[in-house]
Amino acid sequence: SETLLSVRDLEVGYKVGDRVIHAVDGASFDVPRGTIVGLVGESGCGKTTVARALTRVIADNAKITGGEIVFDGRNIAALPEREMNRLRWRDIAFIPQSAMNSLDPVYTIEYQLNEVLKNRGGMDARRARARAEELFDMVGIEPGRLRDFPHQFSGGMRQRVAIALALALDPKLIIADEPVTALDVIVQRQILDQLRELQSRLGISVILVTHDISVVAYVCDRVVVMYAGRVVEAGPMAATITAPAHPYTIGLRNAFPDLKGAATGMLVPIEGAPPSLVEPPPGCRFAPRCPFALDICRTEVPQTGARSNGHSAACHRAHEAEMLRTEGSKTET
Ligand code: ATP
């Protein structure tokens, strides 16, 4: 099928004492084959929890309590751990947040690549060496540097190494959590260009988790916007970023500079902070911060409504989006 991954009504909770933090509360979205999908939202909206749930590498106090994760036709939310483990690296590779700092300082890069190539991929020393060189070549690092230690690489280079590691066993899907966050804008662009080039050359899919909507605008084909554990808007990148239908997406767009350096309007952060996920507000979870909220928004959960071409939004006022966008930019100036 055209869809590689389909997430349906996913629920993930963290148990803390006798309370449960509903970090992901009914999230649904699709990842078509051969695309880069941006998962975007402020810190604490549940992006990392979704990303980790997809590989089932979750914290000890975390539990997937509902929904389906259909990957390549199989619901991996229900897969026995032994089978799930076989999928990791080979089918789904995960680049964790600050991967570039999680490389072990006492081992060479080659040693760390070998862990995956030999132990996971079953390659002998000769094949592993050839593959390691090939991978370095793919991410634009001189293969002679395989014997270097992590500290001998810059932040951007280490992020390339993390990408090489993820590509090691030729996965169908790479999930990258904030892959360019700590880097300066020029290096960000280089890494994103590289990721795009590899993605299209290899025909794989990528889920790129980021708090920065300008990263999404720069490199993604589709965008999924999360707020307080739910997907509030999703759609093709251009349509969704140029004509967002959810006030949260409008807010995100107005809060970030453009990675291409093009002139944008005034940057206005969204007032307030995401709600507690122990007892989230009723109705639309964004209502307490939304400049356009009506009474209904505080009581009734907005259903996800289809717009055009795979663009959808969960907002009671989505039909007035054009007016809200204009109003939104008036309040900025
Ligand atoms: P960030 O970019 O800061 O990681 P995020 O959007 O990825 O943010 P998550 O890290 O998924 O969000 O966190 C979602 C919610 O789950 C937050 O309220 C967070 O405090 C909570 N959470 C995350 N990890 C744990 C954990 N191990 N135990 C308890 N709560 C957690």
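1. The model under review is predicted. The chain contains eleven helices and twelve strands.

2. Along the principal axes, the C-alpha atoms occupy a box of roughly 65 × 45 × 40 Å.

3. Of the 333 residues, 42% are buried. When contacts between residues at least 6 apart in sequence are considered, 66% of them link residues at least 24 apart.

4. Helix α1 covers residues 47–55, and because eight of its nine residues are buried, the helix is largely enclosed by the rest of the structure. The buried set consists of K47, T49, V50, A51, R52, A53, L54 and T55. R56 follows α1 and has a positive phi, near 60°.

5. Which elements supply at least two residues each to the shell around the ligand? They are β1 (3–16), β2 (19–32) and α1. The largest share, three residues, is provided by α1.

6. The ligand has 16 residues around it, of which Y14, A23, S43, T48 and T49 come nearest. T49 is also among the buried residues of α1.

7. By residue type, the shell around the ligand comprises seven nonpolar, eight polar and one charged residue.

Technical notes
Residues are numbered from 1 along each chain as its sequence is written. This is a predicted model: local features need pLDDT of at least 70, side-chain atom pairs count only at pLDDT 80 or more; totals for chains, interfaces and linings use all residues. A residue is buried if 20 or more other C-beta atoms lie within 10 Å of its own, exposed if 12 or fewer, and partly exposed in between; C-beta atoms are placed from the backbone. Helices (H or I, at least four residues) and strands (E, at least two) are DSSP runs, numbered from the N terminus. A residue is near a molecule or strand if its C-beta atom, placed from the backbone, lies within 6 Å of it. Ala, Val, Leu, Ile, Met, Phe, Trp, Tyr, Cys and Pro count as nonpolar, Asp, Glu, Lys and Arg as charged, and the others, Gly among them, as polar. Two residues are in contact if their C-beta atoms, placed from the backbone, lie within 7 Å.
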